[in-house]
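The sequence and structure are shown first.

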Amino acid sequence: MDDCQGGPVRQSGGAVFRLATGLRASCLSAVDGRWFPSAASIGVALAIVGTIALTLQHLRFERDLALQSAAREVGIRATILAARLDAALAAAPRASPAGVLRQVLDAHPDERLAEALMVDRNGLQIAIDPPEAVIADELTRAGWKWSDGGDEGGVERVDAGGAGDRFTAVRTLPAAAARVAFASPVDLHLAAWRRAALATVTLLAWTLALMAAAGLLYGSELRRKRARIREERARRARIDLALNRGRCGLWTWDLQRGHIVWSPSMFDVLDLPDRPGWWTIADLRALMHPEDESLEGIARLAAERQGECVEVEFRMRASDGRWVWLRKRAEIVEDEEGGGLSLVGIVFDVTERKREAEASATADQRLREAIEAISEAFVLWDSANRLVLCNSKYQRLHNLPSEAVRSGVRYGELATLGGLEFAAAGADEPIAAGLRSRTYEARLSDGRWLQVNERRTRDGGYVSVGTDITALKEHEEQLINSERLLLTTVAQLRQSRHSLEEQAQQLADLAERYHEQKGQAEAANRAKAEFLANMSHELRTPLNAIIGFSQLMGSQTFGPLGSQKYRDYCGHILASGEYLLQVVSDILDMSRLEAGRERLCYARFRAELAVSRAVQDIAATAREKRIAVAVDVGADLMIEADPAAVERILTTLMRNAIKFAPEGGAVEIGAQAMAEQICFYVEDSGPGIAAEDIARIGRPFEQGDVVMANGMKGSGLGLAIANSLIELHGGTLRLGSRAGEGAVAVVLLPKVQRGARAIVLAQVA
């Protein structure tokens with residue numbers, strides 16, 4: 001352990017603390033000298049061979065890339081020079097081709113190649129640059145035939161014999177009906193690659209030499225290290241034996257690398273089967289209890305102590321899932337060789353001591369909770385009459401502050417601290433030394449009564465239990481008051497009974513008169529309904545005659561009337577008769593609805609059908625007043641209801657809207673689907689309805705003030721009939737308006753009739 005010792009140093013303030021425990025790897029890790037050098041040598045040899053092979057492969061790959069790049073460059077430059085040469089020949093057809101070739105090459109020295117040859121269509125040489133160039137011989141040896149043209153689009157690599165390989169490119173000159181060939185030595189393009197390859201080989205040789213030197217140094221160091229390891233093994237065996245017997249372990253945390261090393265005994269404390277060479281903070285965080293001090297906190301505490309030994313307790317999870325309590329003592333040390341900082345410490349297993357302390361604390365807590373749960377005031381005094389323990393009831397009884405309870409107040413100081421005195425003599429004194437126990441009742445100065453039971457303990461103190469009997473004392477007085485109140489209550493009950501009997505007789509008389517008046521009202525309502533039915537029938541007979549004869553006279557079936565005024569009078573008679581017949585029909589329908597004789601025939605149909613029929617009924621009137629009618633209803637909107645009743649409801653609302661809309665106004669009718677209802681609405685641009693008229697115009701024979709002011713005709717039954725039909729369907733009618741801004745009528749009907757007596761689910765076309 002000598003290598004692990006060092007003087008304590010202060011951790012720098014801004015550093016990130018990372019916890020590690022156990023011995024350092026250099027102290028506890030063992031190296032087997034029999035196999036490690038052999039494996040290392042083999043690894044080094046393989047690394048050298050692999051490095052050489054990779055270097056050669058890389059050089060070959062770079063050479064291929066250089067050749068490909070050079071071929072592309074020669075092809076591009078040959079194409080550019082051929083295009084320029086062809087353009088120059090076309091511009092000067094009488095000039096010498098050799099002169100034009102030299103002129104083009106001299107004009108672009110950066111793009112010219114090593115050799116250039118121009119031949120005619122028969123392969124005869126026209127010009128060559130430079131004069132000593134051997135490109136013609138190279139092409140001949142390569143098997144080039146000028147008659148077929150060869151591969152004129154690319155670049156070929158031609159063996160020039162002793163002069164080395166060359167890149168050769170042949171291009172056609174359309175302006176001169178000739179060809180031009182260019183050549184460039186391959187070695188010229190590989191010059192840069194050779195320089196890079198030489199540098200790479202030189203660097204590889206130096207690297208291998210350095211590796212060989214390092215291997216020699218490593219072998220020498222390894223022999224010395226083997227001797228240290230044998231000595232360290234013996235010393236570690238003695239330390240491990242002591243740690244295992246004492247249920248403790250050593251921790252070393254390298255703060256620079258974040259490595260945490262444990263001694264083998266530490267793994268035995270936690271019964272961990274896996275024993276890694278070193279831990280990380282993340283590995284140990286999974287074993288730490290989340291409620292205990294973290295590893296970072298332990299390191300920070302050790303740094304703040306400036307080299308002092310710190311002591312902390314925490315829990316770690318064992319292999320079987322249980323929590324093991326550990327106490328750690330550690331300090332920060334500095335490595336004498338490397339200068340690195342480590343947190344070195346020893347850890348003890350204190351689980352058994354913790355269990356005993358927890359058991360004692362649990363028992364004490366249970367005792368305190370049991371005392372607190374007692375319904376009486378409980379207090380324990382020692383032999384010096386000093387308070388040891390009491391519950392909150394005793395504390396509230398004597399108005400004791402919490403500080404006095406914790407400091408152990410004396411018996412004689414209760415009155416001074418709480419401001420409370422006993423009214424009974426002797427109650428404010430402790431039990432006499434010669435008495436074993438006593439029981440007495442005492443009245444406090446605030447009026448409360450206590451029954452106190454006191455008993456001596458073996459150590460000379462005593463236990464006192466006080467029961468608040470104030471309620472019992474007050475109950476005695478309340479019994480007397482209750483008896484007096486009971487007699488008074490009996491007298492009041494007798495009086496109340498007499499009053500109730502008189503009220504019951506009055507209620508019976510009122511109920512009898514109510515039934516009589518109800519019968520009279522029902523008889524009057526039936527008489528009204530029968531009268532309306534009879535009168536409607538009596539009125540319909542002459543009205544039908546009036547309407548029929550007026551139609552005959554207006555059509556002049558039996559001859560001309562002689563004057564246009566007579567025909568106008570017949571039209572007025574016909575209109576008045578039809579209006580009166582409609583009023584009579586409305587009265588008869590209203591009487592049937594009020595009598596409950598109206599029956600609905602339900603069917604499933606499209607809402608669009610009822611809306612379209614209502615629009616057709618008022619179409620003629622709308623055209624007369626030049627009122628625009630807008631319809632907004634979906635074609636797939638279905639409803640279960642009485643089709644005729646729904647049509648009549650919508651027709652009534654549309655007639656009212658047309659009647660009140662001004663000349664050239666607008667009326668809109670539509671339907672929308674809601675959750676379980678269908679919403680029909682009719683909106684007009686008329687004068688609107690006053691707020692005070694909205695609540696009454698739905699009743700029979702009721703009309704708004706606007707109708708009377710404008711002189712418009714109407715019985716006031718149309719909206720009442722529509723409202724009754726809506727209620728028969730289980731729906732509601734809502735009216736909304738602002739004076740001068742128009743009105744809107746909203747009808748809410750159920751999509752599906754539930755609980756109806758008869759529902760005919762027939763598709764209505």
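A polar contact is a pair of N or O atoms within 3.5 Å; within protein, one atom must be able to donate a hydrogen and the other to accept it, and residues adjacent in sequence count only if both atoms are side-chain atoms. Helices (H or I, at least four residues) and strands (E, at least two) are DSSP runs numbered from the N terminus. The model is predicted: local features need pLDDT of at least 70, side-chain atom pairs count only at pLDDT 80 or more, and totals for chains, interfaces and linings use all residues. Residues are numbered from 1 along each chain as its sequence is written, and side-chain values use heavy atoms, with hydrogens and water left out.

At the start of helix 18, a side-chain oxygen of Asp-642 comes to within 3.1 Å of the backbone nitrogen of Ala-644. Helix 18 comprises 18 residues and spans 26 Å from its first C-alpha to its last, close to the 26 Å expected at 1.5 Å a residue (1.5 Å times one less than the number of residues). Its buried residues (under 20% relative accessible area with a 1.4 Å probe, protein chains only; exposed is over 50%, partly exposed in between) include Val-646, Glu-647, Leu-650 and Thr-651.

A nonpolar core is a set of buried Ala, Val, Leu, Ile, Met, Phe, Trp, Tyr and Cys residues joined through side-chain atoms within 4.5 Å. The largest one has 44 residues, and Val-646, Leu-650, Val-667, Phe-680 and Val-747 have the most contacts inside it. Helix 18 (residues 643-660) supplies the largest share of this core, eight residues. Apart from it lies another core, of 32 residues, among them Trp-251, Met-266, Ala-302 and Val-310. Leaving aside residues up to four places away in sequence, Val-747 touches residues including Ile-649, Leu-653, Phe-680 and Ile-726 (contact: heavy atoms within 4.5 Å).

Ile-726 is also among the buried residues of helix 21. Because eight of the eleven residues of helix 21 (residues 718-728) are buried, this helix is largely enclosed by the rest of the structure. Just after helix 21, Gly-730 takes a positive phi of about 85°.

Strand 13 (residues 437-443) and strand 14 (residues 449-456) pair in the antiparallel sense over seven bridges; pairing requires at least two DSSP bridges. They form a hairpin with five residues between them, and Gly-447 in the turn has a positive phi of about 100°. Ala-442 has Leu-450 in strand 14 as its bridge partner.

| Residue | Relative accessible area |
|---|---|
| Cys-390 | 12%, buried |
| Cys-570 | 5%, buried |

With a disulfide taken as a pair of cysteine sulfur atoms within 2.5 Å, the count is zero.
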